[in-house]
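Reader: I am new to this structure and would like a friendly tour. Could you show it to me, please?

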Amino acid sequence: LPVVFRLGSNCPNIFAKTVSRVCRTKFGKLEGRFVELNGVIVKDNIVSEIPYFLPILPTWQCICDSSTLKNLPALSSISDFLIREVGLGHIVRQELASMIPALLLDVQSQHRILDCCAAPGSKTEQLLGVMRRHGNYPLSTGMVVANDADPVRINTLKERYDCTQNPSLLLTCAKAEDLACHLLQCKDESLLFDRVIADVPCSGDGTIRKFPHIYRLFRSRRSLDLHMVQLQIAQASLRMLKKGGRLVYSTCSINPLEDEAVVCGLLRAHGRQRLRLVDTR
């Protein structure tokens, strides 16, 4: 998979402009050098901007994968730049497919957002970045609640955000169903969320290109077992959503039992009067 990176949620505005300029001038075309990939000489577009994330969260894609970027001497300047800036928190590396659900949420700075299966936290960090660049940070009235049912994973998430001290972030550890029950017991609609992202646990069979060992572990029964868990999380997410809000349901699977069947289950349970599918084009 090609290397993809974007601005971090805590990246200073002045540095954001510098990154855009460097990627466009210095890394877009390596002057005085050429790059050979699979026998083909590449002279430009070595690092290119991905247009549909503009202008909210500038994102760039490298022409090669992570291994090639690390081992090819001609690309050492890009590799060193990424290592340094990722360490400082200015830049985040995230797979392009992983960034799409948060893009489809259509986040605004005043929104209350729930990431109900948040760990390891890339999408949460992306949502914080979008909110920051949408509104008057740090005076934004919106917030992101990052929830996960696994205490170990939520602790990893906590360690990741300990240094950021972001005032718009709240971490919780609960099953989505329990979280929905607690919220609904308050009988206060203002506590519900404008946006919910449910990136649910899945078989991960859509990541075989990146992790070939998943092919050897694949069992059709696995998706059947996961279907009910995924549907329960999706239904709980809907219960926590305000009227007029938006839910994005996503997996790393390409199995219809984990994707279309769950969406179909939601439509059957709640009816088309209450739910409407959003055209993702």
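**A walk around the sheet**

Author: Strand 8 (residues 143–148) is mostly covered, as five of its six residues are buried. Buried means under 20% relative accessible area, exposed over 50%, and partly exposed in between (1.4 Å probe, protein chains only). Helices (H or I, at least four residues) and strands (E, at least two) are DSSP runs, numbered from the N terminus. This is a predicted model: local features need pLDDT of at least 70, side-chain atom pairs count only at pLDDT 80 or more, and totals for chains, interfaces and linings use all residues. Residues are numbered from 1 along each chain as its sequence is written, and side-chain values use heavy atoms, with hydrogens and water left out.

Reader: How many bridges join strand 8 to strand 9?

Author: Two strands pair if DSSP finds at least two bridges between them. Strand 8 runs parallel to strand 7, with four bridges, and Leu114 stands opposite Val145 there. On strand 9 (residues 169–173), also parallel to strand 8, the number of bridges is five.

Reader: Which residue in strand 9 is the bridge partner of Asp148?

Author: Strand 8 and strand 9 run parallel. In strand 9, the partner of Asp148 is Cys173.

Reader: Which strands are the edge strands of the open sheet?

Author: Five strands form this sheet with parallel pairing, in the order 9-8-7-10-11. An edge strand here pairs on one side only, and this holds for strand 9 and strand 11 (241–250).

Reader: What angle does the direction of helix 9 make with that of strand 11?

Author: Axes are lines fitted to C-alpha atoms, for helices over the stretch in contact, and angles run from 0 to 180 degrees between N-to-C directions. Contact means heavy atoms within 4.5 Å. Helix 9 (residues 220–239) packs on the sheet and touches strand 10 and strand 11; its angle with strand 11 is about 155°.

Reader: Where is the cis peptide bond?

Author: Most peptide bonds are trans. Pro120 lies in the loop between strand 7 (112–115) and helix 5 (122–134). The cis bond, with omega near 5°, runs from Ala119 to Pro120.

Reader: Is Lys187, with its positive phi, buried or exposed?

Author: Most residues other than glycine have a negative phi. Lys187 has a positive phi of about 55° although it is not a glycine, and its place is the loop between helix 7 (176–185) and strand 10 (193–199). Because its relative accessibility is 76%, Lys187 counts as exposed.
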